[in-house]
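Let's take a walk through this model, starting with some strands and ending with some charged side chains. Have the structure open as you read.

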Amino acid sequence: MGFIGKGLFEGMVVTARNFVGSYFDKERMVTVQYPEERVQVPENSRTFPFLVFDEDKDPAGTMRCVACKICEVECPPQCIYIVMDRDEKGKPQQRPKVFDIDISVCMQCQICVEVCPFEAIKMDNDYEKSQYGRFDELVEHLPDLLKSNEYYNRIKPTEATAVDAKLKVEKEKKAKKAAPAVAAKPAAPAPKPVAPPAPKPAPAAAKLTIPEDAPFTPEQRQWLSGFLSAVSVAGAGPVAAPGPVAAPTGETPVQQPAEAAATTEAAPAAEAPAGGWPWHDPGMGIQQRLDLAKSAPLADKLMAAMAQTDCHACGYDCRGYADAIANGGESDLSLCLPGEAETENMLKKLMQETGKA
């Protein structure tokens, strides 16, 4: 049992001990004289998002953001607003023209960082965001949000180093994929026409004859007799097939054996390997991409109508989204966020033209 006020007395003893000890031990100095003195914030602390660019000489041209709008869609308080940039002809430029973040609404959840496939948006350590105005002054615009990769490495060295290594590996993979697998060779001369393989000679003992009741015209019987006599000779070399035999009016001409062999050996042209689609270029306008795919199957046309960023905002890459729509696995045509209404309207048009809408 203690006396009344024992807890209060013990607390005052602790306070007095720290007060006196602070004159002799700097570790007991818990007060920081802000703003003259500042506490070094931990590397993994976070405040508000910023956008990363790679080269100081060209911040707008080297920012990693491609305006895919994934962060805008996934943001819980909906404090991000993005508009894709376009040139004077209306061609999408795969960079934001408008990128606003309302920091008075931002809850610092970091979801925008986690969903970004391009490592373009990161959380800052800057906590000095107070302003005199409560509205427009608390909305940060694109120039305010742009910060260099050097700055990112300075405030979060461990995280930034890992991101740089990841981006380097991805860049090397893309370069290796884009490079031709085999060094270019001079074009080979056109192949000479190859004579059809000669039919194998029948054994000498076997005598090939045409039955009397066989349904042939005299001209056809004469041609077949000559051919069968030639191939029945043991050790005979290749026999050149006689010219075509004219069939009587109203009858189908008899196909020669050489022609039949050529028809049997003819194979359909091999399909182009997956990938390497000429329209898979985010710098092209939608009409230019569709012109390249005008004679292609429906799935290719659908793919050409998309923004070609492979941002996965729709849950697929561009190829996967097109295939899912074409085979009926996906019915929502509004998932291509970078393509906006332009892509959605074109997808609807293409589906209507094929009667699948």
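## A strand with two partners

Strand β1 (residues 49-53) pairs with strand β4 (residues 121-123) in the antiparallel sense, and three bridges hold that pairing. Keep in mind that you're looking at a predicted model.

Now for the charges. The structure holds 13 salt bridges. One of them joins the side chains of Asp-300 and Arg-319, with N and O 2.6 Å apart. This pair links distant parts of the chain: Asp-300 belongs to helix α10 (residues 298-304) and Arg-319 to helix α11 (residues 318-326), with the two residues 19 apart.

Is Asp-300 buried or exposed? Its relative accessibility is 14%, and since buried means under 20%, Asp-300 counts as buried. Arg-319 is buried as well, with a relative accessible area of 14%.

Arg-319 has another salt bridge, this time with Asp-323, where the closest N and O atoms are 3.0 Å apart. Here both residues sit in helix α11, four residues apart, which is about one turn of the helix. Asp-323 is partly exposed, at 30% relative accessible area.

## A pair along helix α12

Which residue does Glu-344 meet in a salt bridge? That would be Lys-348, and the N to O distance between their side chains is 3.2 Å. Because Glu-344 and Lys-348 are four residues apart in helix α12 (residues 340-353), about one helical turn separates them.

Elsewhere, salt bridges that share partners join three residues into one network: Asp-54, Arg-64 and Asp-164.

Conventions: Residues are numbered from 1 along each chain as its sequence is written. This is a predicted model: local features need pLDDT of at least 70, side-chain atom pairs count only at pLDDT 80 or more; totals for chains, interfaces and linings use all residues. Side-chain values use heavy atoms; hydrogens and water are left out. Buried means under 20% relative accessible area, exposed over 50%, partly exposed in between (1.4 Å probe, protein chains only). Two strands pair if DSSP finds at least two bridges between them. A salt bridge is a side-chain nitrogen of Lys or Arg within 4 Å of a carboxyl oxygen of Asp or Glu.
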